[in-house]
Amino acid sequence: MVGNTNEPAKLDSVVYSYAMNLNGLEEENRFLKESIENLEKELEKFKHTPLIACEVRDMVDGKVLIRMPNGNEFLVDAAQNCTGLLPGDGVLAEQKNLTVVRRISSVKKFDVDKFVIIEKPSVGWDMIGGLQPQEQEIKEVIELPLTRPDLFKKVGIEPPKGILLYGPSGTGKTLLAKAVAASTHSTFIEIVGSELVQKFIGEGAKLVKEIFQLAREKAPSIIFIDEIDSIASTRIDVGTSGEREVQRTFMQLLAEIDGFRPLDNVKIIGCTNRKDILDPAIVRPGRLDRLIHVPLPNEQGRRDIFLIHTRNMNLGQVDVDKIVHQLEGASGAEVRSVCTEAGYFAIRDDRTRVREADFQSAIEKVHSGQDSNQDYRRMFG
Ligand SMILES: Nc1ncnc2c1ncn2[C@@H]1O[C@H](COP(=O)(O)OP(=O)(O)OP(=O)(O)O)[C@@H](O)[C@H]1O
Ligand SMILES: [Mg+2]
């Protein structure tokens, strides 16, 4: 009887142990299936033929020109998910038909447009005072080859590739460059030498290359390199890595200048206040070999500049000769500054007409260094 009462409990425990066992087996089954899957995947890898690492040389009508490690080049297709390839990118290609299946490294191509100032200036020659000889030379060297290249072909001479404008600050160098860009309807691409080496550490040379590329695409164009002395200076000796970088940038600039043809519709205008420290390599024949001095204006020049900047001013009786005489030694930028200040004196006095006295106050103010023009302070202070 006793045994009978225990029977169901025993059965329960047997069922329970089978259930547990089943769980264990199911778990093991899952684990083994996973193992099989992994091994199959691994096996699959061994079956695959390796992909070839190669470099994108160019994009041609939706196809990719790749260069194999052995130097051979092929025009191939790219897989659908492989978009936006650029020359210089590293890619993997199938062995059979060399279809590009993946990008593995990309060249850092910066948007050169973002780093340089590109504009179509509207400065007219009539906005420049006292620089007639310089204007004349620029017209001959930059304007004529861009507007009448046929003339040079017929005569059989090659115009200079570029010019170098040098002289003190605020004398109208940038103005001259913009005026010739405007008169030739050229794209004006402005880069600043010091920025090229400070902002784009490690990229200066590449940027120079891309700027010239851009200039050719947007031709006719004028590449304006301000403060060119900061990349083309004899003071740079290649001790530190920073200096080596400047040197590389400079070398690239020389290579680019040498690389284009004189009638390529791209002209270079370099600018500097420090001709004395300039590396002679940049002004060697065939490079920026026309040197144009842009000096401080003489009395007549200051007069011209004064008249330009007062052209739109509402003037009362003013003694132009006297003012111009008092501005002895001032640059064009400083003459303009005096005109602006004089206008402010009138406004403060609730007038719209600018008088002689306003100019006198303006000159005094700039003399005493209360305006924002540092050059003026340096000069009179
Ligand atoms: N010869 C000039 N005729 C008329 N305006 C001038 C002349 N020179 C300078 N200016 C005035 O001064 C401003 C600054 O001149 P600009 O930028 O051309 O000088 P810069 O020689 O390039 O100086 P920096 O060497 O400092 O770059 C001009 O925008 C213009 O208003
Ligand atoms: Mg300038």
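Me: How many bridges join E7 to strand E10?
Reply: In this predicted model, 5 bridges join E7 to strand E10 (residues 266-272), and the two run parallel; strands are DSSP runs of at least two residues and helices (H or I) of at least four, numbered from the N terminus, and two strands pair if DSSP finds at least two bridges between them. Local features need pLDDT of at least 70 and side-chain atom pairs pLDDT 80 or more, while totals for chains, interfaces and linings use all residues. Residues are numbered from 1 along each chain as written, with chains lettered from A and ligands numbered from 1 in written order.

Me: And which residue is the partner of Leu-165 in E10?
Reply: Leu-165 is bridged to Cys-271 in E10, and to Ile-292 in E11 (residues 290-293), a strand that runs parallel to E7 and is joined to E7 by 4 bridges.

Me: Is E7 buried or exposed?
Reply: 5 of the 5 residues of E7 (residues 162-166) are buried, so E7 is largely enclosed by the rest of the structure; buried means 20 or more other C-beta atoms, placed from the backbone, within 10 Å of a residue's own, against 12 or fewer for exposed and partly exposed in between. Gly-162, Leu-164 and Tyr-166 cover one side, with Ile-163 and Leu-165 on the other.

Me: Switching topic, why does ligand 1 lie between domain 3 and domain 4?
Reply: Ligand 1 lies there because domain 3 (112-293) and domain 4 (299-380) both give residues to its shell, the domain bounds coming from an automatic or database assignment.

Me: Which helices supply at least two shell residues each?
Reply: Helix H5 (173-183), helix H9 (299-309) and helix H11 (332-348) do.
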